Amino acid sequence: MAVGARSGADDPEESPVSPGGGASGEEPPGDGPDPEGQGKGGYQPDDGESTPAPGKKQRSFWKELPILIGIAIVLALLIKTFLVQAFSIPSNSMQNTLQRGDRVLVDKLTPWFGSTPERGEVVVFNDPGGWLGESPEQSGFGAAVQQGLSWIGLMPSAEDQDLIKRVIAVGGDTVSCRKGGPVILNGKELDESEYLFPGNTACDDQEFGPITIPDGELWVMGDHRQDSLDSRYHQNLPGGGTVPESKVVGRAIVVAWPVNRWSTLPVPSSYDDIPSAAMATAVATAAGPAGLGLALAVPLVLWRRRTLLRKEESAQR
């Protein structure tokens with residue numbers, strides 16, 4: 001008979017089982033459900049909905065909810081600290097690469113393995129000092145909510161003074177730009193047509209350089225060049241407009257929001273053509289003696305040629 005299902009009896013009935021597994025008058029328990037379903041003394045399998053075993057009381061959803069929230073907060077903190085962090089774009093200085101209101105995800109993982117910013121990358125960095133004015137003090141319920149969400153990485157903090165720009169030059173590079181011309185990086189013209197805001201020039205509003213970037217520093221500029229207060233405009237501050245690598249929060253890798261602007265932020269291919277600072281120095285060093293030798297050789301060759309011509313003319317006479 002069914003175990004505690006239908007009859008209400010506490011113990012199963014005893015069924016005599018033969019040594020060969022057959023039954024004497026009745027089917028043994030365990031051979032499957034009674035095809036008749038309700039046969040006398042038939043066996044019915046447990047369908048999983050029977051009464052829980054004594055001593056195992058299931059915890060209610062409302063008691064498990066705080067645990068789930070706690071686990072979610074811990075995971076969010078770990079992701080924010082070690083993997084990626086979201087930032088919103090508050091200005092037009094990086095148009096059209098980034099629009100005001102975009103949310104970007106910043107890579108915070110690779111720096112743990114020694115990765116440093118490279119030319120052409122879009123990076124988020126803390127104000128190195130004096131780039132931004134004093135932020136207005138916020139208070140009230142809205143400020144408290146923002147502070148809480150920023151703590152777990154779901155919103156930017158109102159106290160953070162972060163900026164986002166493109167890395168143009170890194171430590172050791174020499175960079176300059178004159179009105180009407182392109183950016184010159186390690187002696188080579190930089191093609192910025194891939195990302196520069198339409199109608200903008202490289203530096204007509206604020207020319208600069210040449211500047212050799214100290215090791216561990218960066219030269220950064222906005223893609224909307226005529227609407228960006230970048231390194232060019234802070235050369236009077238300590239650091240001469242450069243940004244210490246230690247101030248970099250991470251590289252912006254993807255536009256995550258809004259959905260219709262989902263995209264990655266790769267390094268423009270034009271930076272592949274820029275020689276490294278060491279190579280540019282080597283070329284300049286090699287070109288120095290060669291250039292000097294050529295400058296001396298040309299007059300000597302011309303003098304010798306004229307001498308030979310005079311001798312030939314004298315011999316013919």
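**Exercise 1.** How many aromatic pairs does a search of the whole structure find?

*Solution.* Four aromatic pairs turn up in the search. Before you go on, note that this is a predicted model, where local features need pLDDT of at least 70, side-chain atom pairs count only at pLDDT 80 or more, and totals for chains, interfaces and linings use all residues. Residues are numbered from 1 along each chain as its sequence is written, and side-chain values use heavy atoms, leaving out hydrogens and water.

Now take one of the pairs. Rings of Phe, Tyr and Trp (its six-membered ring) pair if their centres lie within 6.5 Å; planes under 30 degrees apart are stacked, over 60 edge-to-face, and the rest tilted. The ring centres of Phe125 and Trp131 are 5.7 Å apart and their planes sit at 85°, so this pair is edge-to-face. Phe125 and Trp131 are both buried (buried is under 20% relative accessible area, exposed over 50%, partly exposed in between, with a 1.4 Å probe and protein chains only).

**Exercise 2.** Find the partner of Arg166 in a salt bridge, and say where both residues sit.

*Solution.* Start with the rule: a side-chain nitrogen of Lys or Arg must be within 4 Å of a carboxyl oxygen of Asp or Glu. Seven salt bridges exist in the structure. Arg166 meets Asp223, with 2.7 Å from N to O. Arg166 is in strand β4 (residues 162-170), while Asp223 is in the loop between β9 (217-221) and β10 (243-244), 57 residues apart. (Strands are DSSP runs of E, at least two residues, numbered from the N terminus.)

Next, check the cover. Arg166 has a relative accessible area of 3%, so Arg166 is buried. Asp223 is buried too, at 0%.

**Exercise 3.** Is Glu192 buried or exposed, and which residue does Glu192 bridge to?

*Solution.* Glu192 counts as buried because its relative accessibility is 5%. Its partner is Arg225, the closest N and O atoms being 2.9 Å apart. This pair also links distant parts of the chain: Glu192 lies in the loop between β7 and β8, and Arg225 in the loop between β9 and β10, 33 residues apart. Arg225, at 0%, is buried.

Conventions: Helix = DSSP H or I, 4+ residues; strand = E, 2+ residues; numbered from the N terminus.
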